[in-house]
Amino acid sequence: MNITTNTGEQQSREDLVSAYHQLVEMGLMDQASGNISCRVNDGMLVSCSGATAKNLTPQRVVKVRDDGSYEGETKPSSEWRMHQGIYQRNQTANAVVHTHSDYCVAMACNNLALPGFHYMVGTFGGPDVPCVPYSTFGTESLANDAADALDGRAACLLGNHGMICRGSNFDIAIGHAERMEILCKHYVLARQLGEPDLLTDDQWDEFFGRAKKVAYSTFI
Ligand SMILES: [Zn+2]
């Protein structure tokens, strides 16, 4: 599912619908919460406003150009600015996934960053995953905060809202969304036993040193 080159827009629309269904089947998106997008030559494709697994078709995927204009009568997700900001800031981002998945929301509603309590946190590019302050959905401030947080990180939590992540294709972005939900669940469980130990700076240095030699370095 490489959406970067040589796949026509129709194929990208079909890939987006397929990715959306995958996220719903994984239990990461309920009702019309969450939205996804991918980069195309002249802008991005994004799931439509009010998208659900039942109503999203390739034709209802909306192309939003770099200037924010869009084609057709179907409106893009109200959160399209977040997606656009991430593509503009990160040239390696070709797919973006935004969810309101359960444990990510539990963390985000306490405005908690996901700390470095487990080495897998490092697969998002740093020793923690930040949580940006709450802003109203669809606003430029939320878009700017998310794009800033995803500069050098693959994912962030959105205060009192959810999670957003990026990847070089849908498979990688979906993997990040799933891993964020698992790790937030692990952290919530670990907190029930006390205050989890965090990896030290030395341990992170060693982790990132090893990660350069194995597949983790390709995640971001
Ligand atoms: Zn949202």
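This is a predicted model: local features need pLDDT of at least 70, side-chain atom pairs count only at pLDDT 80 or more; totals for chains, interfaces and linings use all residues.
User: Which residues of H4 are buried, and what places them on the same side?

Analyst: Within H4 (residues 140-149), the buried residues are Leu142, Ala143, Ala146, Ala147 and Ala149. They cover an arc of only 160 degrees around the axis, and therefore lie on the same side of H4.

User: What makes Glu79 and His100 donors of the zinc ion?

Analyst: A donor is an N, O or S atom within 2.8 Å of the metal. Along the sequence, the donor residues follow the spacing E-x18-H-x1-H-x60-H. Glu79 lies in the loop between strand E3 (62-65) and H2, and His100 in the loop between strand E4 (95-99) and helix H3 (102-108); the pair therefore ties together parts that are 21 residues apart in sequence.

User: Why is Glu79 called buried?

Analyst: Buried requires under 20% relative accessible area; Glu79 has 6% relative accessibility and therefore counts as buried.

User: Why are His100 and Gln22 called partly exposed?

Analyst: Partly exposed lies between the 20% limit for buried and the 50% limit for exposed. His100, at 29%, is therefore partly exposed. Gln22, in helix H1 (residues 9-25), has a relative accessible area of 31% and so is partly exposed.

Key:
Residues are numbered from 1 along each chain as its sequence is written. Side-chain values use heavy atoms; hydrogens and water are left out. Buried means under 20% relative accessible area, exposed over 50%, partly exposed in between (1.4 Å probe, protein chains only). Helices (H or I, at least four residues) and strands (E, at least two) are DSSP runs, numbered from the N terminus. The arc is that of the directions from the helix axis to the C-beta atoms. Donors are N, O and S atoms within 2.8 Å of the metal (3.2 Å for Na, K and Ca); water is not among the atoms, so sites may look incomplete.
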